[in-house]
Amino acid sequence: MKQIIIEGGQTLTGTISISGAKNSAVALVPAAVLCDDLVEIENVPNISDIDALEEMLQYLGATVSRQTSSIHIDTHQIENKEIPENISKKLRASYYFMGALLGKYKKATMYFPGGCPIGARPINLHLKGFESLGAKVIEEGNKYTIVAETLKGAPIYLDTPSVGATINIMFAAVKALGTTVIENAAKEPEIVNVATMLNNMGARIRGAGTSKITIHGVEKLHGAYTEVIPDRIEAGTYIIAGALIGKNLEIHNIIPKHIESLISKLKEMQVDMKVFADRVVISKKDGLKPVHIKTLGYPGFPTDLQQPLTTLLTQCHGISSVEETIYENRFLNTNYLNDMGADITALDTEKITIKGPTKLKGKEVVATDLRAGACLVLAGLCADGITIVKDVEHVLRGYENIIEKLRQVGAKITLEEIK
Ligand code: EPU
C-alpha cells in the first residue's frame, strides 16, 4: 500500500510539463495487436496502467521494450489466447483487447475489465457493436467469448457516445469486410489519436472527432510509428493547482483546444491565467466567482476533471454546483473534502453544491478512485497542515511522476510505502 504525504500551504512556481494522455495510450498499445509487425509509440506516460498492458502484450507473446517515453512492440510472435481474469481486471482498458483480438483473429476470450469504482460501467455497447459486425457473444459469468466466422461492416448506432465502445468497434471493424458507420460516436481527442494510428497502420477511417465515423475494412494492417497526444486531464489538474496555489505556474506541452471547457469555466471564475499556443501561465487570485458545472462528453466539460475542480470550487466566493451526468458514483471525494473543512451538500446522487470559500485543514483521507485522489492531493496542497492521502495506487495509475512534478515547482510532497 502506498500513501502520499503533503505539507500544505506552499506556493507553486516554475514549470510542469504534461505527459502523453493515459486514455489515448491505453488504447494505442492494444491496437498494436492488429498487425504482425513492429509498432513504435512515442510520448507514452510511465504509469502503472501501461505496465499492466505491457504484461498483457507479453502474455500474448509480443516482445515489448520501453525507453523513457517510447514503447516498441513486436507482434510477430503473438498468439490468440484466453486472457485470465487476474490480468483483465487490473484496468478498465483491458477491454481494448476484445476489439483488437476479435478484429485480428475473429475470436477473443477475456473477463470483465477492472477500473475505478465510479459506477456500473457496463460494456453492453461494445458487445452490441461486435454483434452488429456479425460476432456471437457467449457470456459465462464474468467471462466473455466473442467469436465470428467473418466480420462484416455494418451501420452501428451508439445509444450513448461511449469512448470505449467507439474505439473497440473501430478495432473490430478495421479488418471487417465492407464498410462500418458508427453514428453517435464519441468525439474525444483520444479517438482521433487512435484513428490516426490505425490509419498509419493502413486502415481507412474517416470522420474521427465527429459523431459519424466511417471505417472501410482493409485486408491487412502493417507496423507504424505514432505519438500520444498530451494528457488534457493531467493538464487540467495542474492548471487547477495553479489557480489554487500557483504564482506564475507554467503548464507546458498542452493543446488548449482540448481543454476549452475548463479554460472557459476558469475565465468565468476570473482566474488569473494567460493561455498561449501550447502552454498556460496561472496564478492564485482571491475573490474567485462561483460557477456551475455539468459534465458531458467532449467538447463538454469532462467528467474526469469535475473532482479536481471541486477543490477549487471550495475556494470560490458563493455557491457553485457540479452535476455529474456520465457516472453514478463520482462524488466519493466530497465526504473527505468536508472532513477537511469544505461545505459540500449532495442534492441527490447526480448533483452537489459547494459553498465557499472555506479554509481546508490537513487530514487523513482516502483516494477512492483516480480523480478523487487527484482532488484530494490538490486539497492537501492548499490545506493548512499535513494531509495523508491513502490508497494512492489509483493516482499512480494515471499521473506520471506526480510527486516529482509537484516537488519541482515547490510542493512539499512525498510518497511512502506502508506495510
Ligand atoms: N456506457 C454504457 N455501456 C457501454 C459503455 C459505456 O452504458 O457499453 C456508459 C458508461 O457507464 C458511462 C458512459 O457510457 O456512463 C460513458 O462511458 P465511456 O464508455 O465513454 O467511458 P469509458 O470508455 O469506460 C473512458 C475513460 C474514462 C473517462 C470516460 C469518459 C479510459 C480507459 N477511460 O472510459 O477515464 O471518464 O472515457 O470520458 O479511456 C479516468 O481517466 O479517470 C477515467 C475514468
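This is a predicted model: local features need pLDDT of at least 70, side-chain atom pairs count only at pLDDT 80 or more; totals for chains, interfaces and linings use all residues.

Me: How much space lies in the largest pocket?

Reply: Rolling a probe the size of a water molecule over the atoms shows where empty space is left. A pocket here is an open set of points on a 1 Å grid over the protein atoms alone, where a 1.4 Å probe fits, with protein on both sides within 12 Å along at least five of seven lines. Its volume is the space filled by probe spheres set on the points, which are joined across faces, edges and corners. For the largest pocket, that gives about 990 Å³.

Me: Which residues lie nearest its centre, and which helices supply the lining?

Reply: Lining residues have an atom within 4 Å of a point. There are 42 of them in the largest pocket, and Arg121, Val163, Gly164, Ile326 and Tyr327 lie nearest its centre. Helices H1, H5, H6, H10 and H12 each supply at least two lining residues; helices are DSSP runs of H or I with at least four residues, strands are runs of E with at least two, and both are numbered from the N terminus. Domain 1 (2–19 + 230–417) and domain 2 (22–227) each contribute at least three residues to this lining, with bounds from an automatic or database domain assignment.

Me: What about the second largest pocket?

Reply: The second largest pocket holds about 370 Å³. Its lining has 19 residues, with Leu244, Lys284, Asp286, Gln315 and Cys382 nearest the centre. Helix H8 (residues 232–245) gives the largest share of that lining, 3 residues.

Me: Is H6 buried or exposed?

Reply: Buried means under 20% relative accessible area, exposed over 50%, and partly exposed in between (1.4 Å probe, protein chains only). In H6, 10 of the 11 residues are buried, so the helix is largely enclosed by the rest of the structure. Among them are Ile167, Ile169, Met170 and Phe171. At the start of H6, a side-chain oxygen of Ser162 comes within 3.4 Å of the backbone nitrogen of Gly164.

Me: How do S15 and S16 run, and what joins them?

Reply: Two strands pair if DSSP finds at least two bridges between them. Strands S15 (residues 272–275) and S16 (residues 279–283) are antiparallel and joined by 4 bridges. Lys274 in this pairing sits opposite Val281 of S16, and a hairpin of 3 residues connects S15 to S16.

Me: Where are the cis peptide bonds?

Reply: Omega is the angle to read here. Another joins Gly356 and Pro357, with omega about 0 degrees, and Pro357 is in the loop between strands S20 and S21.

Me: Which residue other than glycine has a phi near 50 degrees?

Reply: That is Asn248, whose phi is positive. Asn248 lies in strand S14 (residues 246–252) and counts as partly exposed at 45% relative accessibility. Asn43 also has a positive phi, about 65 degrees, although it is not a glycine. Asn43 sits in the loop between strand S3 and helix H2, and is buried at 17% relative accessible area.

Conventions. Residues are numbered from 1 along each chain as its sequence is written. Side-chain values use heavy atoms; hydrogens and water are left out. A polar contact is a pair of N or O atoms within 3.5 Å; within protein, one must be able to donate a hydrogen and the other to accept it, and residues adjacent in sequence count only if both atoms are side-chain atoms.
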